[in-house]
Amino acid sequence: MEPVLLANIHRSDSHTLSGYESTGGYNAYRKVLAEMSPDDLKDLVKESGLRGRGGAGFPTGLKWTFLPKNHPGPIYFCLNADESEPGTFNNRILMEEDPHQVLEGLALSCYATGAETAYFYIRYEYPLCYKRLTQALEEMYAKGLLGKNILGSGFNLDIYLHRGAAAYICGEETGLIESLEGKRAWPRIKPPFPAIEGAFRKPTVVNNVETAACVPHIVNRGVAWFRSMGVQPDPNNPRDPGSFGPKLYCLSGHIEKPGCYEAPLGITVNELIQEYGGGMLDGRRPKAAIPGGISMGLLTADEFDCPLDFSGPGRYGCLGLGTAAVVVMDETVSMVDYLHNSARFFAHESCGQCTPCREGTSWSLKMLDRIQAGRGRLIDLDLLLEIGDTIGIIPGTTICGLADGAAWPLKNAIRKFRGEFEDFIKQTNPDGYAETSPVPALHEIHGH
């Protein structure tokens, strides 16, 4: 497909205002401020079917309509550039190589929602992004693209860069808002949702970087063009609004050419590996792949025909497309090691606010520590599955989705590779693997 979001990143001046404007940059912004009302732009994005690229895939235009009508203000807009999902770096590429594309999308999004103050929340570990965005904002103010009465339109907008506190949970929208307010990034109980009570208790929209970058292209090229790419709604699923527009995939792991690639929504894992990734590293056989960041679960090599749109991975027992960060594993990878690494990450990153998440991620890590150390029991696999099925917001026990992110790797790895886990336990703990009672009852301990 024709590159859209990555069309200009190979230019040496792609990060400058002059470079961006030489390729038509800010034409959409100028057109909207001169010719369209905020509601016109909101309707345009809604009709395009643009869905959030940060992980949840919620329809962007619909999210904007949740703001209270005729609110006297202020309304705030937060751009989520925390990007903490392992394997995900598409936002970093956009911010480093084409920051004005992101900022034009952010400015348009603010105009549509009535926000005159925007906070660009960027993870601390991205120093080059911070530098490039700082320079880009200075250029915008100097050119009159930010500030008061922008281009004589009467629209006012200020954008502030805010460096995050380097924690996974800061990417969750209410955790991000808490962090922005200078507090510990504990996610908030919803409702109220941010659209009603967000940053500083005011109506707030939180969108992702890649989502914002799509908006200028929708204005320039129209709804029909945007909807010509991707996957139509599933007729058997009335809740599926389809998957449209350009998409960035982060491809890493055991492949010849890892990188960030722009491809149509709906491309299969196998096509992505072969057409963009150059095939498996050293010609080895594939074993598994993570479809969209480790919180989405796992696909076996037999499932590489999975389409990478917002509904595809769900049909293969995964949580969803997530951030479209595809991590490929070859036949040499131990699923025990993979799951142990995953559990260690989520146990470390849990904020500890909800008992099922705090205890569940900790217990799963302790059991996997024990299995990896050669003291595992077969019943541990059922206990891990029980944890995976009972923590998270889907059972309704936690405030945010971190526990679900921890649960899907557990459920997928054990259910899809159970034989490998059982073999490992039997080989490393031949005398104890058959134990069936993980915790003896009190009367057994005391002999009553």
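In which helix is Thr211 found? Thr211 belongs to helix H9, which covers residues 209-221.

## Basis of the model

This is a predicted model, in which local features need pLDDT of at least 70 and side-chain atom pairs count only at pLDDT 80 or more, while totals for chains, interfaces and linings use all residues. Residues are numbered from 1 along each chain as its sequence is written, and side-chain values use heavy atoms, with hydrogens and water left out.

## Overall fold

The chain has 17 helices and 11 strands, these being DSSP runs numbered from the N terminus (helices: H or I, at least four residues; strands: E, at least two). Its radius of gyration is 23 Å, close to the 22 Å that the globule rule gives for 448 residues, so the chain is as compact as a globular protein of that length; the radius is taken over C-alpha atoms, and the rule is 2.2 Å times the number of residues to the power 0.38. Along its principal axes the C-alpha trace spans about 85 × 50 × 45 Å.

Of the 448 residues, 56% count as buried, that is, under 20% relative accessible area with a 1.4 Å probe and protein chains only. Among contacts (heavy atoms within 4.5 Å) between residues at least 6 apart in sequence, 68% join residues at least 24 apart.

## Surroundings of Thr211

Thr211 is buried, with a relative accessible area of 1%. Leaving aside residues up to four places away in sequence, Thr211 touches Leu50, Gly52, Arg53, Gly54 and Thr60.

How values were computed:
Buried < 20%, exposed > 50% of the residue type's maximum accessible area, 1.4 Å probe, protein only.
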